[in-house]
Amino acid sequence: MTTANPRRLFIAGTLSFVLIGALPALYGVSLPAYRRLFDLADGQGGELLSAHGVGAFVFVFAGIFGLRWLTTRFALAALTVGGGLVAAQPGWVGVLVGAFALGAGFGLISTIQNRRFLAEFGDKGPGMVGLLNAVFGIGAIASPILFVWAGGAPAPVFAGIAICAAALIPVLQPSGKGPVTVGLPAWRNRRSLILILLFASVLLEVGLFGFGPSALIALGTPELTAARLASGFFVVFLLARLGLYWVTRLLPAQVLFLCGFVGIALCAVIAAAGWPALAYVLAGGCTGLTFPSFFVWGSTL
């Protein structure tokens, strides 16, 4: 692997993370619009999140075997194709194919950049992973706002993601750079209990990202208000991840992960007690802690 200039690596990572950060929040606020547009049955909108998740899983798993063409450049191309397909809305199946491609780009960028930030920034690596994942929140805050500005239409926002990804390909991954193979931390030494905790936290995160706004709408919240609450969720999410840059120097990663995990559960209790909007926004802070903390924790096992 060619060692990147730290400044170039930081620019490449942060801009890519802004793009992938826009996706989960955008899915969440778009589901009601797609249900109307394609006359979907109850629950069928969840196929969008499933297609995204399958794309991420397939390509991250493929990357474990060191396929040399799975680079950041390939990931950006996948975002371009996927965003363009979803924006074009060539039927529900076409949208799902686009979501699969978006998931591929999402998973590869997340894994490649997290791994490189942790490895190539030395002693600052854990804090830089937290900072990188904080940038994810910028895209997540922006996409629901852009969705509102577009009058509740997801297509223009997905088109914008595709255009930005295409523009980044020559800027962030010029020819002549060696490929970046993908790997997961401590692949051979993971412990089953930790994997169970990770799996549960990812399920909670995906549920909050994708179904949180839909749940609020089902409880009577207007769609545009739910979109604004989604932005609020990611504002708190962003603040929590920015805090990781400093907090990782004071507390072990496993403690931060468990704090986030337990915090999400407590927010669920608050929602069940009758304050779902408040609980949803607060859950953003807890969710912001889990993945970066686990990534650092897992790398030490």
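Q: In which helix is the place of serine 231?

A: Helices are DSSP runs of H or I with at least four residues, strands are runs of E with at least two, and both are numbered from the N terminus. Serine 231 has its place in helix α8, which covers residues 223–247. This is a predicted model, in which local features need pLDDT of at least 70 and side-chain atom pairs count only at pLDDT 80 or more, while totals for chains, interfaces and linings use all residues. Residues are numbered from 1 along each chain as its sequence is written, and side-chain values use heavy atoms, with hydrogens and water left out.

Q: How many helices and strands does the protein have?

A: There are 10 helices and 0 strands. The pattern along the sequence reads α-α-α-α-α-α-α-α-α-α.

Q: Is serine 231 buried or exposed?

A: Buried means under 20% relative accessible area, exposed means over 50%, and partly exposed is in between, with a 1.4 Å probe and protein chains only. Serine 231 counts as buried because its relative accessibility is 6%. In the protein, buried residues make up 52% of the 301 residues.

Q: Which residues is serine 231 in contact with, leaving aside its neighbours within four places in sequence?

A: Contact means heavy atoms within 4.5 Å. With those neighbours left aside, serine 231 is in contact with Ile141, Pro144 and Ile145. For the protein, residues 24 or more positions apart account for 85% of the contacts with a separation of 6 or more.

Q: Where is glycine 139, and what does glycine 139 touch?

A: Glycine 139 has its place in helix α5, residues 125–149. Its relative accessibility is 4%, so glycine 139 counts as buried. Not counting residues up to four places away in sequence, glycine 139 touches Val18, Gly21 and Ala22. The C-alpha atoms of glycine 139 and leucine 23 are separated by 7.9 Å, although these residues are 116 residues apart along the chain.

Q: What lies 3.0 Å from a polar atom of the side chain of threonine 290?

A: A polar contact is a pair of N or O atoms within 3.5 Å; within protein, one must be able to donate a hydrogen and the other to accept it, and residues adjacent in sequence count only if both atoms are side-chain atoms. Here the backbone oxygen of threonine 287 lies 3.0 Å from a polar atom of the threonine 290 side chain. Threonine 290 is found in helix α10 and counts as buried because its relative accessibility is 1%.

Q: Where is aspartate 39, and is aspartate 39 buried or exposed?

A: Aspartate 39 is found in the loop between α1 (6–37) and α2 (46–64). Its relative accessible area is 69%, so aspartate 39 is exposed. Phi of aspartate 39 is near 50 degrees, a positive value in a residue other than glycine.

Q: Where does glutamine 89 lie?

A: Glutamine 89 lies in the loop between α3 (72–88) and α4 (91–120). Phi of glutamine 89 is near 55 degrees, again a positive value in a residue other than glycine. With 25% relative accessibility, glutamine 89 counts as partly exposed.

Q: Which residues of the largest nonpolar core touch the most other members?

A: A nonpolar core is a set of buried Ala, Val, Leu, Ile, Met, Phe, Trp, Tyr and Cys residues joined through side-chain atoms within 4.5 Å. The largest nonpolar core has 77 residues, of which Leu48, Leu79 and Phe158 touch the most other members.
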